[in-house]
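I opened this entry to keep track of what I looked up, one item at a time. The structure comes before the notes.

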Amino acid sequence: MHTHSEAKEESKKFKKRILKASIWSTGSHVLNQAIRLGSNLIMTRLLVPEYFGLMAIANVFIYGLQMMSDMGLRQSLIQSKRFDETFINTIWTMQVIRGCAIWLMSLLVAVVLYCLNAIDFWPKESVYHDPLLPYIVALIGIGALISGFESTKLAISSRELSLAKNVTIGLMSQICGITVMICWALLDKSVWPMVAAALVSSLVTTTLSHTMFGGVRNQFHWDKAAFEQIFHFGKWVFVSSILGFLLLSSDKLILGAMVDARLLGLYAIAFFIVGAVKDLITNVIHNVGFPALSEAYRAKPESLKEVYYKLRLPFDAVSILGAGVLFATGEIIVKLLYDDRYAAAGWIIQILSVGLFQLRYNLAGECFMAMGKPRILTTLILFDIVLLYVLAYLGFNWYGFKGFVWAVTMSSTAMIPLVIWYKYKYGLLHWKRELMVLPLLPVGYGVGLLVTQLITL
C-alpha cells in the first residue's frame, strides 16, 4: 500500500510525464505542420490541382484498407495490463501479417479500378476514371507492407509517455519524404513525386523504429492466450475502425464519383488547412490523451473524471478558438498562400472549420477506450456516419457541392448530445466545465476578423 506522501509524489510524476509528453507531441506537430505547409505551397506551384485530387483518392483507398484491418494492436499494447515479451511479439507478428494483407488488397483494388476503367464504368469527369489511379494505389500499398514491420517500441514509448524518439523519427521520415518529393517534382511535374514521398517516409520510419531504440528486438512469435486477449479487445476496435473510415473518408469517396479531380483537389487543399488544427488535437489525444487516461484508469479508476477534464482544457481552447479564427479568415488565408487556381478553397475552409468545435469531444472516446469499453466508441461513430450519409445526400441534391460541404460539417457536431449522454451515464460529466469554455468561440471569431482587417488594410 502506498502512503499518502508516496501517492502524492506519484501523482506529481504522472503530471510531469503528461506535460512533457504534451510538449513533445504539440511541438513536433507544430513543426510537422509548418514543414507540410511549406512543402504544400511549393508543390501547389509545381503541380496542377488534379494531382492533389488523385492522391487524395488513392490515400483514401489505402487508409480504408488499413482501417478495415485494424484490430487495435497499438491500443492493446497501451491499454493492457499484460506487458511481457510474448505478448509484445505476438502483437508484432499480427502487425506484420496485417501489413502484408493490406499490400495484397491494395493490388486487388488497383486491378478492380483498372478493369472498371477499361469498360468505362465511371463517368469521364470522375476522378476514378483517371488511368493513373490504379497504378498510384498499387504503389502506395507498398508503404503499408513496409510499415507492417515497424518496431513495437514506438507504441511502447507512447504507453510510457516517452515521446522524444517517436517525435524524432516522425520528423526525420517526413523531411526525407518531402526532400525526395520536391527534388523529383523539379525534374518531373507529375503525380509520382508525391507517391515516392509516401514510400520513402514509410521506409525511414520503419528503419529508425528498429535502430533508434535499445533492448530486445521484435521477433516472430505466436501465443494463443495473447491472441485471444488482443482479439477480445480488438473486435470492437475493428468495427469502430471500419465505421471510422466510412465516417472520415466518405466525403472524398463520394466526391470522387460526383466531381472532377480539380474540384476534389480544391477540397483537399481546404481540408489540409483545417486539418492543421484538427491533426494537432487528434495527434495529442492519440499520443498523450489515450496513454494517460489508460494509466490513470489502471492505477486509480476513480480519478479518471478529474484527469479527463484536466487533459481536455487545452483541447477545448485550441478547437473552439481555431473554429472561430478559421471561419473568419478562410478566404484571406487562401488568397495569401495560394495562386488564383486555388481561390475557391477559401469558402470551403470556412465551412469545414465549424466542425472543429466537435473535436474536443474526441477525448471522451479515448476515455471509453481506456475504460475497456470500445463498444461505446463504435456506437458513436455509427450514429455519426448515418447522419453523414443522410445529410450528404440531401445537401448535394438540394444545394450542390456547397450543400455537401455543410453536410460534412454538421454531421459531426450533431453527435455531441449523444457523447454527453454517455459521459453522464458513466459518471464523467461536469456541466460547469462543459459550458465555461464556450465564450472562446466568439473570441476566436473576433480575433479572426481583426486579423483579416489588418491584412486587408
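Before placing any residue in a helix, I noted what the word covers here: a helix is a DSSP run of H or I with at least four residues, and the numbering starts from the N terminus. The model is a predicted one.

**Entry 1: Trp-421**

I looked up Trp-421 and found this residue in helix H15. Its relative accessibility is 46%, so Trp-421 counts as partly exposed.

**Entry 2: helices H11 and H12**

Next I took the pair H11, residues 304-337, and H12, residues 345-353. Their axes are 7 Å apart, and the packing angle is about 175 degrees. Angles over 145 degrees count as roughly antiparallel. H11 and H12 are therefore roughly antiparallel to each other.

Which residues make the contact between H11 and H12? On the H11 side I listed Ala-323, Leu-326, Phe-327, Gly-330, Glu-331 and Val-334. On the H12 side they meet Ala-345, Gly-346, Trp-347, Ile-349, Gln-350 and Ser-353. Sorted by class, this contact of H11 with H12 has seven nonpolar residues, four polar residues and one charged residue.

**Entry 3: salt bridges**

I then searched for salt bridges, and the whole structure has six. I wrote down some of them.

A salt bridge here needs the nitrogen within 4 Å of the carboxyl oxygen. Glu-306 and Lys-310 are four residues apart in helix H11, so about one helical turn separates them. Glu-306 has a relative accessible area of 36% and is partly exposed. Lys-310 is partly exposed as well, at 46% relative accessibility.

Another salt bridge is formed by the side chains of Arg-312 and Glu-434, at 3.1 Å from N to O. Arg-312 lies in helix H11 and Glu-434 in helix H16, residues 431-435, so this pair ties together parts that are 122 residues apart in sequence. Are Arg-312 and Glu-434 buried or exposed? I found both of them buried.

Glu-434 also has a salt bridge with Lys-423, where the side chains meet at 2.3 Å from N to O. Lys-423 is in helix H15, residues 416-425, and Glu-434 is in H16, so this pair ties together parts that are 11 residues apart in sequence. The relative accessibility of Glu-434 is 2%, which means that Glu-434 counts as buried. For Lys-423 the value is 0%, and Lys-423 is buried too. Through shared partners, salt bridges join Arg-312, Asp-316, Arg-360, Lys-423 and Glu-434 into one network.

**Entry 4: Ser-190**

Where is Ser-190? I located Ser-190 in the loop between helix H7 (164-187) and helix H8 (192-211). Its relative accessible area is 10%. Buried means under 20%, so Ser-190 is buried.

I followed the side chain of Ser-190 to its polar partners. A polar contact of 2.9 Å links this side chain to the side chain of Asp-188. The side chain of Ser-190 also reaches the backbone nitrogen of Trp-192, at 3.3 Å. Setting aside neighbours within four places in sequence, I found Ser-190 in contact with Leu-47 and Tyr-51.

**Entry 5: Val-137**

Val-137 has its place in helix H5, residues 133-147. At 0% relative accessibility, Val-137 counts as buried. Which residues does Val-137 touch, not counting those up to four places away in sequence? I listed Ala-58, Phe-61, Ile-62, Ser-106, Val-109, Ala-110 and Leu-113. I also looked up the distance from Val-137 to Cys-367. These two are 230 residues apart in sequence and 35 Å apart in space, C-alpha to C-alpha.

**Entry 6: Asp-120**

My last item was a backbone angle. Most residues other than glycine have a negative phi. Phi of Asp-120 is near 55 degrees, a positive value in a residue other than glycine. Asp-120 sits in the loop between helix H4 (85-118) and H5. Its relative accessibility is 48%, so Asp-120 counts as partly exposed.

Notes:
Residues numbered from 1 in each chain as written. Predicted model: local features only at pLDDT ≥ 70, side-chain atom pairs only at ≥ 80, totals over all residues. Heavy atoms only, no water. Axes fitted to C-alpha atoms, helices over the stretch in contact; angles between N-to-C directions. Helix = DSSP H or I, 4+ residues; strand = E, 2+ residues; numbered from the N terminus. Parallel < 35°, antiparallel > 145°, perpendicular 65-115°, else oblique. Contact = heavy atoms within 4.5 Å. Nonpolar A, V, L, I, M, F, W, Y, C, P; charged D, E, K, R; others polar. Buried < 20%, exposed > 50% of the residue type's maximum accessible area, 1.4 Å probe, protein only. Polar contact = N/O pair within 3.5 Å; in protein donor to acceptor, adjacent residues only side chain to side chain.
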